[in-house]
Amino acid sequence: MIIWGSTSKESTVDSTTFFCPNCRDEVDCDQIRVSRYFTLYFIPLFPVATLGEYVRCDECSGEFDTKVLKLTKRHIDAMTKPWKCGECGNSNDASQKRCVNCRCFREDDPADDSIFEE
Ligand SMILES: [Zn+2]
Ligand SMILES: [Zn+2]
């Protein structure tokens, strides 16, 4: 009786550096690819599909979308630091898309950046 099946395996595609949103620093990271492997007698033989890729920080072991590789300190800061309203000068939390004081929209919304478009 032949026992075959499939399993998922991770492999390191690339080792690079990125600005980790967690460490708030330029650190080493691995780009990991998760692939589905065909197995025979529980031994992975060859990849049959790529399930996805992610980035793992060497410092904090945080796992991030590969888009994070394109982010710079400026992007991370824009997404995590309070922003100042251009209309009334109110300081707003990074999670707020609109000024909590005058309700006007954030002008330099980092989520509008083209790097987030697929
Ligand atoms: Zn990190
Ligand atoms: Zn305002």
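Which residues form the largest nonpolar core? The residues are F18, C20, C29, V55, C57, V68 and L71, seven in number.

## Model and numbering

This is a predicted model; local features need pLDDT of at least 70, side-chain atom pairs count only at pLDDT 80 or more, and totals for chains, interfaces and linings use all residues. Residues are numbered from 1 along each chain as its sequence is written, while chains are lettered from A and ligands numbered from 1 in the order in which they are written.

## Overall build

The chain holds one helix and six strands (DSSP runs: H or I of at least four residues for helices, E of at least two for strands). From the N terminus, the order is β-β-β-β-α-β-β.

The radius of gyration, taken over C-alpha atoms, is 20 Å. A compact globule of 118 residues would have one near 13 Å (rule: 2.2 Å times the number of residues to the power 0.38). The C-alpha box is roughly 75 × 25 × 20 Å along the principal axes.

Strands β1 (residues 4-20) and β2 (residues 25-40) pair antiparallel over 16 bridges; pairing needs at least two DSSP bridges. E10 has V34 in β2 as its bridge partner. Four residues separate the two strands of this hairpin. In the turn, R24 has a positive phi of about 55°.

## Core and burial

A nonpolar core joins buried Ala, Val, Leu, Ile, Met, Phe, Trp, Tyr and Cys residues through C-beta atoms within 7 Å. Buried means 20 or more other C-beta atoms within 10 Å of a residue's own, with C-beta atoms placed from the backbone. Of the 118 residues, 8% count as buried.

Terms used:
Buried ≥ 20, exposed ≤ 12 C-beta atoms within 10 Å, placed from the backbone.
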